[in-house]
Amino acid sequence: NAFRGEVKKPTYTYYYEVVKDSKGNRYDLVVKRLDENEMISVVYTSYVFVTEGASKEDIVVHLHYATGDGMKWRFSPKDYLEVVYSKNNSTVIEKAVGKMETCLLPNVDKTKLLERDASKEFSNKEAIRKAVEIMLVAYEKVVPDA
């Protein structure tokens, strides 16, 4: 019900933790950044919602836009990154909705980023991992500058 991961960038590394909430399909997401000075700071916290797609072969992940004021974070139910993780597709489908659209980094080649590793299990956990990776690489502006 909980897992961690990391996404490496040239000048820093993001560490994230996902914990399943008691409310069915909701997960809590906390992202921390380790910069070149070895300072760790919480840079993003929000909710992830996971549902079954039109087919039982699809997992739909909504990773919500959130704004922070100190340690208080507010997520927006109408602004999110949607990632469809399909069992039979070699790539995932991603779509930004609302404010999340403004967070897309310009000139990002998402070709490799959208590839699904067929050796990984088909699960909510792997779908969430892929969605978080896409957000932290291609939609990095969603995470405030330190």
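Colleague: Which residues line the largest pocket?
Modeller: Glu-6, Val-7, Tyr-16, Tyr-85, Glu-115, Arg-116, Asp-117, Lys-120, Glu-126, Arg-129, Lys-130 and Glu-133 do. A pocket here is an open set of points on a 1 Å grid over the protein atoms alone, where a 1.4 Å probe fits, with protein on both sides within 12 Å along at least five of seven lines; lining residues have an atom within 4 Å of a point.

Colleague: Okay, and what kind of model is this?
Modeller: It's a predicted model: local features need pLDDT of at least 70, side-chain atom pairs count only at pLDDT 80 or more, and totals for chains, interfaces and linings use all residues. Residues are numbered from 1 along each chain as its sequence is written, and side-chain values use heavy atoms, with hydrogens and water left out.

Colleague: Back to that lining, how many residues are charged?
Modeller: Nine are charged (Asp, Glu, Lys and Arg count as such).

Colleague: New topic: how many salt bridges are there?
Modeller: The whole structure has eight, each a side-chain nitrogen of Lys or Arg within 4 Å of a carboxyl oxygen of Asp or Glu. One of them joins Glu-140 and Lys-9, at 3.6 Å from N to O.

Colleague: Why does that pair tie together parts of the chain?
Modeller: Because Glu-140 sits in the segment after α1 and Lys-9 in the loop between β1 and β2, 131 residues apart in sequence.

Colleague: Is Glu-140 buried or exposed?
Modeller: Buried, since its relative accessible area is 16% and buried means under 20% (1.4 Å probe, protein chains only).

Notes
Helix = DSSP H or I, 4+ residues; strand = E, 2+ residues; numbered from the N terminus. Buried < 20%, exposed > 50% of the residue type's maximum accessible area, 1.4 Å probe, protein only.
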